[in-house]
Amino acid sequence: MKQVLVLGAGGFIGSHLVKRLKTEGCLVRGVDLKYPRYSETAADEFVIADLRETANVRAAMDRPFDEVYQLAADMGGAGFVFTGSHDADIMHNSAMINLNVAETAAKNGIRRIFYSSSACIYPRENQIDRDNPNCREDSAYPADPDSEYGWEKLFSERMFMSFARNYGLECRIARFHNVFGPEGSWNDGREKAPAAICRKVAEVPDGGEIEIWGDGEQTRSFLYIDECLEGVLRLTRSDFAGPVNIGSEQMVSINTLVDMVCAIAGKQVSRKHVTGPIGVRGRNSDNDLIQRELNWAPAEVLEAGLGKTYAWIAAQIEAGKSDVDKHARGPIASRAVTHLS
Ligand code: NAD
C-alpha cells in the first residue's frame with residue numbers, strides 16, 4: 001500500500017487531495033494546524049501540528065513516505081494577500097514551513113515530494129495587458145512578483161530545486177492558478193473571487209446589487225478542484241520536475257465571472273464597483289508546457305465547476321452555517337495561531 005503524507009491536509013486543496021488519495025487505496029497521514037473545516041478528514045491518521053517547528057516536521061516525516069504533498073502555507077485571496085497587512089506572517093510562516101520540509105525530506109529519505117507554488121510568482125509587468133498576460137513558465141525571470149506571497153513562493157521553489165540538485169530530493173513543482181470548488185474559504189476573509197462572488201450573489205435578492213473590487217475588467221482563469229488534483233497526481237508520478245502551471249486557459253474578466261454566477265443562480269444583479277485589492281490586471285494559465293510534458297491539460301469549462309461551487313455556498317447560507325466549523329473535531333486553530341506570538 002502506498003504511504004502518503006499530506007501537509008496542509010486541513011486546508012481546501014489538501015482535504016480534497018486526501019479524499020482522492022483514499023479512493024486510490026493509499027495509506028494517508030495528514031498534518032495541519034487544524035482539521036478540515038467543512039467535512040471530516042478522510043485521512044487514516046491526522047496530526048495537529050505546527051510545521052514551523054522543525055521537531056514537528058521531523059516527527060511527521062518519521063518514515064520514507066512514497067509521496068509527500070507540501071500544501072501548507074499561510075495564504076488567502078486578494079483580501080488577505082494584497083492588502084500588505086499580512087506580509088510578514090505570510091513570508092515568515094510559509095518560508096519556515098518550507099525550510100523545515102525540504103531539509104527533513106532530504107534527510108529522511110522521502111521518495112518524492114510535491115510542492116505547491118503559485119501563479120503569483122509571475123512578474124507584474126507581464127500581466128499589465130488584461131487581454132494578453134504572459135504566464136509562460138520561462139517568463140518568471142527577471143522576477144518581480146506583485147506580492148510578498150509570490151516572492152516567498154519563488155524562494156521556496158528555488159529551495160526545493162536546490163535540494164533536488166544537491167541532495168537528490170525528487171521534487172515536483174506546480175504553479176497553481178486560482179483553484180476553487182466546494183469546501184473552500186467562502187466568508188472568512190481568505191476567500192477568492194469565485195467563492196466571494198458566489199456568496200454575494202447567493203445572499204442578495206433577485207434585482208439587488210453586489211460590490212465588486214475595481215472595475216471588474218481585470219482578467220483571471222479559475223481551475224476547478226478536481227482538475228487541480230488530477231494535475232497534481234499526474235505531475236507527481238511523472239518524470240517531469242517542473243515548475244509547471246496547473247491552471248485553466250479559460251480567461252474571463254471578473255465582470256464575466258459575475259454574469260456566469262448570476263446565470264447559474266437565475267438572478268439579475270447589478271454591480272457596484274468599489275475600491276479594493278485587485279492584484280495584477282490580467283492573468284491566465286499557459287498550458288503549452290504541461291500539455292507537452294504530461295500529454296494532459298485541464299479542459300473543463302468554468303461554468304461546470306462554478307455550478308457545483310455556487311450550489312455548495314448557497315446551501316451553507318441556507319443552513320445558516322456562517323463559517324461554523326461543524327465537522328471539525330478537537331480545538332480549531334484560529335487565524336491568530338498562525339501569527340507570530
Ligand atoms: P488553504 O489555506 O486552504 O490550506 C493551507 C493549509 O495550510 C491550511 O489548512 C492551514 O491551516 C495550513 N497551515 C498554515 N500554516 C501552517 C503551519 N504553520 N503548520 C501546519 N499547517 C499550516 O490553502 P489551499 O487553497 O488549500 O492551498 C494549498 C496550497 O496551494 C498552498 O500552498 C497555496 O499557497 C497553494 N496555492 C493555492 C492556490 C489556490 O487557488 N487555492 C493558488 C496558488 C497556490
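Trainee: Which residues in α4 meet which residues in α5?

Mentor: From α4 come Asp87, Ile90, Met91, Ser94, Ala95, Asn98, Leu99, Val101, Ala102, Glu103 and Ala106, and they meet Glu148, Tyr149, Trp151, Glu152, Phe155, Ser156, Met159, Phe160, Phe163 and Tyr167 in α5. By kind, the residues of this contact are 14 nonpolar, 3 polar and 4 charged. Keep in mind that this is a predicted model.

Trainee: At roughly how many degrees do the axes of α4 and α5 cross?

Mentor: The axes of α4 (residues 87-107) and α5 (residues 148-167) cross at roughly 10 degrees and come within 9 Å. Angles under 35 degrees count as roughly parallel, so α4 is roughly parallel to α5.

Trainee: What should the 21 residues of α4 span?

Mentor: Count 1.5 Å a residue, which gives 30 Å for α4; the C-alpha atoms at its ends are 30 Å apart, so the two values agree. The check can be repeated on helix α8 (residues 254-265), where 12 residues reach 16 Å from first C-alpha to last, close to the expected 16 Å.

Trainee: Which residues of α4 are buried?

Mentor: Buried means under 20% relative accessible area. In α4 the buried residues are Asp89, Ile90, Asn93, Ser94, Ala95, Ile97, Asn98, Asn100, Val101, Ala102, Thr104 and Ala105. Take Asn98, in helix α4: its relative accessibility is 1%, so Asn98 counts as buried. Beyond residues up to four places away in sequence, Asn98 touches Gln70, Tyr115, Glu152, Ser156, Met159 and Phe160.

Trainee: What covers the buried residues of α8?

Mentor: The buried residues of α8 are Ile254, Asn255, Leu257, Val258, Met260, Val261 and Cys262. Their cover includes α6 (193-203), β8 (209-213), β12 (252-253), β13 (270-274) and α10. A residue of α10 (residues 302-318) can be read likewise: Thr309 lies in that helix, and it is buried because its relative accessible area is 1%. Leaving aside neighbours within four places in sequence, Thr309 is in contact with Phe180, Gly181, Pro182, Cys198 and Tyr224.

Trainee: Which residues touch the most other members of the largest nonpolar core?

Mentor: In soluble globular proteins, nonpolar side chains tend to be buried together. Here the largest nonpolar core has 60 residues, and Val6, Ile13, Leu21, Tyr69 and Phe176 touch the most other members. Apart from that core lies another, of 24 residues, including Ala49, Met61, Ala105 and Ile113. Ile13 touches Leu71, Phe176, Val179, Ile225, Cys228 and Leu229, with residues up to four places away in sequence not counted.

Trainee: Where is a positive phi found just after α8?

Mentor: Look at Gly266, where phi is about 70 degrees. Likewise, α4 is followed by Gly109, with a positive phi near 70 degrees. A positive phi also occurs in residues that are not glycine: Asn178 has one of about 40 degrees, in the loop between β6 (171-176) and β7 (179-180). Glu183 has one near 65 degrees and is found in the loop between β7 and α6. At 18% relative accessibility, Glu183 counts as buried, because the cut-off is under 20%.

Trainee: Which peptide bond to Pro142 is cis?

Mentor: Read omega: for the bond from Tyr141 to Pro142 omega is near 0 degrees, and the bond is cis. Pro142 sits in the loop between β5 (113-118) and α5. Gly242 and Pro243 are also joined by a cis peptide bond, with omega about 0 degrees. The loop that holds Pro243 runs between α7 (225-236) and β11 (244-246).

How values were computed:
Residues numbered from 1 in each chain as written. Predicted model: local features only at pLDDT ≥ 70, side-chain atom pairs only at ≥ 80, totals over all residues. Heavy atoms only, no water. Core = buried A, V, L, I, M, F, W, Y, C linked by side-chain atoms within 4.5 Å. Buried < 20%, exposed > 50% of the residue type's maximum accessible area, 1.4 Å probe, protein only. Contact = heavy atoms within 4.5 Å. Helix = DSSP H or I, 4+ residues; strand = E, 2+ residues; numbered from the N terminus. Axes fitted to C-alpha atoms, helices over the stretch in contact; angles between N-to-C directions. Parallel < 35°, antiparallel > 145°, perpendicular 65-115°, else oblique. Nonpolar A, V, L, I, M, F, W, Y, C, P; charged D, E, K, R; others polar. Expected span 1.5 Å × (residues − 1).
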